[in-house]
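Subject: Structure for your review

Dear colleague,

Please find below the structure that I am handing over to you.

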Amino acid sequence: MHHRHRHRRAMGAAVAATAALLVAGLSGSASAGTAPADAAPTAAETLRTDAAPPALLKAMQRDLGLDRRQAERRLTNEADAGATAGRLRAALGGDFAGAWVRGAESATLTVATTDAADVAAIEARGAEAKVVRHSLADLDATKARMDKAAAGLNTADAPVWYVDTRTNAVVVEAIRPAAAHKLLVAAGVDDSLSRVEKRTERPRTFYDLRGGEAYYINNSSRCSIGFPVTKGTQQGFATAGHCGRAGSSTTGSNRVAQGTFQGSIFPGRDMAWVATNSSWTATPYVLGAGGQNVQVTGSTVSPVGASVCRSGSTTGWHCGTVAQLNTSVTYQEGTISPVTRTTVCAEPGDSGGSFISGSQAQGVTSGGSGDCRSGGETFFQPINALLQNYGLTLKTTGGGDDGGEEPGGTWAAGTVYQAGDTVTYGGATYRCLQGHQAYAGWEPPNVPALWQRV
């Protein structure tokens with residue numbers, strides 16, 4: 001154990017050295033405009049929180065009880081919090097036990113650790129520290145065992161389970177508690193790690209189907225376009241796997257021939273993509289209220305507690321927060337994992353559509369429970385896993401000419417990176433701080449919110 005503490009003290013000194021800079025980053029984003037022209041962009045600048053359209057800000061105000069300034073500040077704070085949490089995750093290593101934001105403006109970032117010796121380093125970055133028993137790696141490994149055990153069980157009466165970093169436990173939500181205990185016993189999960197909660201409603205896929213930008217499958221059922229994508233020169237869009245099978249044909253909302261499903265996974269995952277014909281052009285936009293364009297500038301994963309909004313033609317724009325990232329959900333058709341659980345409502349017709357935080361794509365609507373009158377929950381298939389699985393590139397307004405020769409290294413535009421991945425670029429090594437798909441303009445030295453030089 002002692003060598004770990006020596007290593008940690010050295011790390012703590014390095015953390016303290018950059019603390020003043022980071023605390024300024026958390027609270028001083030309003031003064032970003034006065035920074036020298038060559039200063040590194042803030043997290044909010046990198047993630048283009050200023051690209052959030054009026055329709056999205058209005059939905060945040062309505063659903064999260066904010067005024068416009070609070071909604072704008074919340075997006076800025078969430079961008080900063082994601083970058084700070086990423087740096088702390090890298091610094092704490094195996095001690096890291098998760099991070100989340102709270103407050104009307106997401107002004108408070110909490111970072112959990114299994115070692116009290118890390119508290120000073122966490123507080124030096126302007127975050128609150130929480131010392132807990134189980135690391136995030138342990139919780140994730142426990143949930144992976146549950147996913148494996150669930151394959152041999154009927155989980156209809158225990159349909160939702162997830163890693164809950166805020167309470168440092170894996171949680172099973174059950175219609176019958178006995179079904180939850182059966183899953184936990186089958187996975188060999190210790191009582192100290194788990195909690196069972198009661199739920200009354202079974203999640204369902206939002207299937208029968210009128211989407212944000214609607215499309216029709218085999219001239220019968222309808223779904224929503226998630227996000228426009230490209231694969232080389234081929235254009236198309238990402239959507240939910242339960243909407244269609246590979247080979248199914250699609251027509252647009254105008255009933256004009258549109259494309260063909262190239263790949264589809266459901267259940268297990270809920271992901272698919274459609275290649276479109278030359279009549280259709282992929283744009284870096286999501287259809288907003290009143291036909292307004294909502295910019296997509298990237299796909300950086302939002303932290304727990306962050307705001308997230310969904311577009312769908314049945315219910316329009318609705319917002320809520322990210323409840324848990326690593327979630328499994330059982331529908332009538334089978335179990336999907338991992339999905340992100342949110343407090344956003346949805347209804348039939350919203351399926352396949354876009355989940356977005358500010359201007360960062362998060363995922364495609366899978367299913368949920370409740371509705372937009374009484375409130376509900378919605379699960380989304382994370383977009384980065386979908387892009388990675390099919391080798392797709394998200395269409396964004398952010399990418400562009402990188403203005404010169406490649407300096408060499410393993411970093412590559414179009415690659416999906418996860419927190420902890422390392423790349424080389426221009427002779428230096430960098431560690432990824434937040435999951436995202438890379439593109440020209442987001443080279444590691446340009447975006448300290450996403451990459452840390454090691």
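Does Tyr 425 count as buried or exposed? The model is a predicted one, and in it Tyr 425 has a relative accessibility of 12%, so this residue counts as buried.

The structure holds seven aromatic pairs. One of them joins Tyr 425 to Trp 411 in an edge-to-face arrangement, with 5.7 Å from centre to centre and 90° between the planes. Trp 411 belongs to the loop between β23 (393-394) and β24 (416-417), whereas Tyr 425 belongs to strand β25 (residues 422-425), so the contact ties together parts that are 14 residues apart in sequence. Trp 411 is also buried, at a relative accessible area of 6%.

Elsewhere, one aromatic cluster is formed by Tyr 215, Phe 237 and Phe 261. A charge also meets a ring in this model: the charged end of Arg 255 sits over the ring of Tyr 216, at 3.4 Å from its centre.

Disulfides

As you will know, a disulfide is a covalent bond between the sulfur atoms of two cysteines. A search of the whole structure finds three disulfides. With the bonded cysteines numbered in sequence order, they pair as 1-2, 3-4, 5-6.

Cys 223 and Cys 243 form one of these links, with their sulfur atoms 1.9 Å apart. This link is left-handed, with -85° about the S-S bond. Cys 223 lies in strand β9 (residues 221-224) and Cys 243 in the loop between β11 (234-239) and β12 (249-252), so the bond ties together parts that are 20 residues apart in sequence. Both Cys 223 and Cys 243 are buried.

A further disulfide joins Cys 309 to Cys 319, where the sulfur atoms are 2.1 Å apart. The link of Cys 309 and Cys 319 is right-handed, with 100° about the S-S bond. Here two strands are tied together, because Cys 309 lies in strand β17 (residues 307-312) and Cys 319 in strand β18 (residues 316-331), 10 residues apart in sequence. Cys 309 and Cys 319 are both buried.

The remaining pair is Cys 345 and Cys 372, with sulfur atoms 2.0 Å apart. Their link is right-handed, at 100° about the S-S bond. It connects distant parts of the chain, 27 residues apart: Cys 345 is in the loop between β19 (334-342) and β20 (354-357), and Cys 372 is in the loop between β21 (360-371) and β22 (375-382). Cys 345 has 8% relative accessibility and counts as buried. Cys 372, at 22%, counts as partly exposed, because buried means under 20% relative accessible area.

One other cysteine may be of interest to you: Cys 432 is buried, with a relative accessible area of 2%.

How many cavities of 30 Å³ or more does a search of the whole structure find? The search finds one, and about 140 Å³ of space lies in the largest cavity. Its lining consists of 15 residues, and those nearest the centre are Leu 47, Glu 78, Ala 79, Ser 302 and Ser 357. Helix α4 (residues 68-92) provides the largest share of this lining, with four residues.

With kind regards

Definitions and conventions
Residues are numbered from 1 along each chain as its sequence is written. This is a predicted model: local features need pLDDT of at least 70, side-chain atom pairs count only at pLDDT 80 or more; totals for chains, interfaces and linings use all residues. Side-chain values use heavy atoms; hydrogens and water are left out. On a 1 Å grid over the protein atoms alone, a cavity is a set of points where a 1.4 Å probe fits but cannot get out, and a pocket is an open set with protein on both sides within 12 Å along at least five of seven lines; lining residues have an atom within 4 Å of a point. Grid points are joined across faces, edges and corners, and a volume is the space filled by probe spheres set on the points. Rings of Phe, Tyr and Trp (its six-membered ring) pair if their centres lie within 6.5 Å; planes under 30 degrees apart count as stacked, over 60 as edge-to-face and the rest as tilted. Buried means under 20% relative accessible area, exposed over 50%, partly exposed in between (1.4 Å probe, protein chains only). A charge sits over a ring if NZ of Lys or CZ of Arg is within 6 Å of the ring centre and within 35 degrees of the ring normal. A disulfide is a pair of cysteine sulfur atoms within 2.5 Å.
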